[in-house]
Amino acid sequence: MKTLLITGITGKSGLVLARLIAGGGLGEPYALRLAVHSLERAAFVRQLLPEAEYCPGDLTDAAYVDTLTKGVDVVLHIAGIGKSPLLAKAAARNGVKRLVLVHTTGIYSKYKAAGEEYRKIDGEVAALCRQNGIGLTILRPTMIYGTLGDQNIVKFIKMVDKLSPMPVVDHANYLLQPVNCRDLGRAYLQVLNRLEATAGKDYVLSGRDEVLLIDLFRIIADELGVSRKYLSVPFPIAYAGAWGIYLLSLTKIDMREKVQRLCESRAYPHDEAVRDFGYDPMPFEEGLRQEVREYLAAKNGNN
């Protein structure tokens, strides 16, 4: 039986994948090896997948990663692009033949700081895989949402809920294409079930719909049941303000790149994923309204 190593199984999309695997979603039997921070944090997954091998540790620890990848045939790495180089080196050293890495569409950013490091990691990993005969697939989610811990859309929900008028940059006329964590979990399973067809390829995993940032705010306001006005700040002023905060905080608070990327279109097609493994994300408005309802339930439960 082949061994499948998964990192990031306790994250948002990882938990979706765990449920699908527990339901018999894998097309062939694997011995599962799961890299986790601790057994305590993996308690829910351990209930879903009691037969898996759980390996607590730190993915920045070279010795741990080396042990983790021994005897492994396939690696699905969900736990972050920054940990990919060390994992790929250990995989090559230990004879792993298939890597599926969840990276980012941040490589497409026109801003140097946002994209340069990501492109460097992609290039390093791809070269290593070519040299060692490893089949590589890179998956690139856009902005991930779908739970109150997503650190993306939930911030917008809180802003719309609490601020009036709400400040936006350049009328918030910038395209986004957020992807729900549930769609990502399903996509990971689809790729695992089509390893041969997806080898040597990169895939964007974006949401079904493109949406203007200002329309995203309006949908949130509608679901919250509030009326909001928006105060548009020109980009040069907003960026100058980010510089001011950076300097006044003695470089401890750096929002410069966030302001830049807020005004950058982040909508990318996912046609190749549809064609190669049947990727089918949910309508964005459906997922957004579900998250706002969860926010309201949590908020009302705390009152």
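Predicted model: local features only at pLDDT ≥ 70, side-chain atom pairs only at ≥ 80, totals over all residues.

Colleague: What does strand 5 pair with?
Modeller: Strand 4 runs parallel to strand 5, and four bridges join them. The bridge partner of V74 in strand 5 is R98. Strand 6 (residues 135-141) is also parallel to strand 5 (residues 98-102), this time with five bridges. There, V100 stands opposite T137, and V102 has L139 as its bridge partner.

Colleague: How does the chain cross from strand 4 to strand 5?
Modeller: Through helix 4 (residues 84-93), in a right-handed β-α-β crossover.

Colleague: And is helix 4 enclosed or exposed?
Modeller: Largely enclosed by the rest of the structure, because seven of its ten residues are buried. Those are S84, P85, L87, A88, A90, A91 and A92. Just after helix 4, G95 has a positive phi of about 80 degrees.

Colleague: Let's zoom out. What is the strand order in the sheet?
Modeller: The sheet is open, with seven strands in the order 3-2-1-4-5-6-11 and parallel pairing. Strand 3 (53-56) and strand 11 (201-205) are at the edges; each has a single partner strand, so one side of each lacks a neighbour in the sheet. From one strand to the next, the twist averages 15 degrees.

Colleague: Which strands does helix 7 lie across?
Modeller: Helix 7 (residues 181-192) lies across strands 1, 2, 4, 5, 6 and 11, and runs at about 165 degrees to strand 6.

Colleague: New topic: helix 6 and helix 9. At what angle do they cross?
Modeller: At roughly 65 degrees, and the axes of helix 6 (residues 153-162) and helix 9 (residues 213-224) come within 9 Å. The crossing is right-handed.

Colleague: Which residues make the contact?
Modeller: From helix 6, I153, F156, I157, V160 and D161; from helix 9, L213, L216, F217, I220, A221 and L224. By class, that contact has ten nonpolar residues, no polar ones and one charged residue.

Colleague: Nice. Where is the cis peptide bond?
Modeller: Between S164 and P165, with omega at about 0 degrees. P165 sits in the loop between helix 6 and strand 8.

Colleague: Which residues have a positive phi without being glycine?
Modeller: A172 is one of them, at about 55 degrees, and T251 is another, at about 70 degrees. A172 is in the loop between strand 8 and strand 9, while T251 is in the loop between helix 10 and helix 11.

Colleague: Are those two buried or exposed?
Modeller: A172 is buried, with a relative accessible area of 1%. T251 counts as partly exposed, at 47% relative accessibility.

Colleague: Great, thanks for the tour!

Methods
Residues numbered from 1 in each chain as written. Heavy atoms only, no water. Pairing = 2+ DSSP bridges. Helix = DSSP H or I, 4+ residues; strand = E, 2+ residues; numbered from the N terminus. Axes fitted to C-alpha atoms, helices over the stretch in contact; angles between N-to-C directions. Contact = heavy atoms within 4.5 Å. Left-handed = near helix turned anticlockwise from the far one by under 90°. Nonpolar A, V, L, I, M, F, W, Y, C, P; charged D, E, K, R; others polar. Right-handed = clockwise from strand over helix to strand, strands pointing away. Buried < 20%, exposed > 50% of the residue type's maximum accessible area, 1.4 Å probe, protein only.
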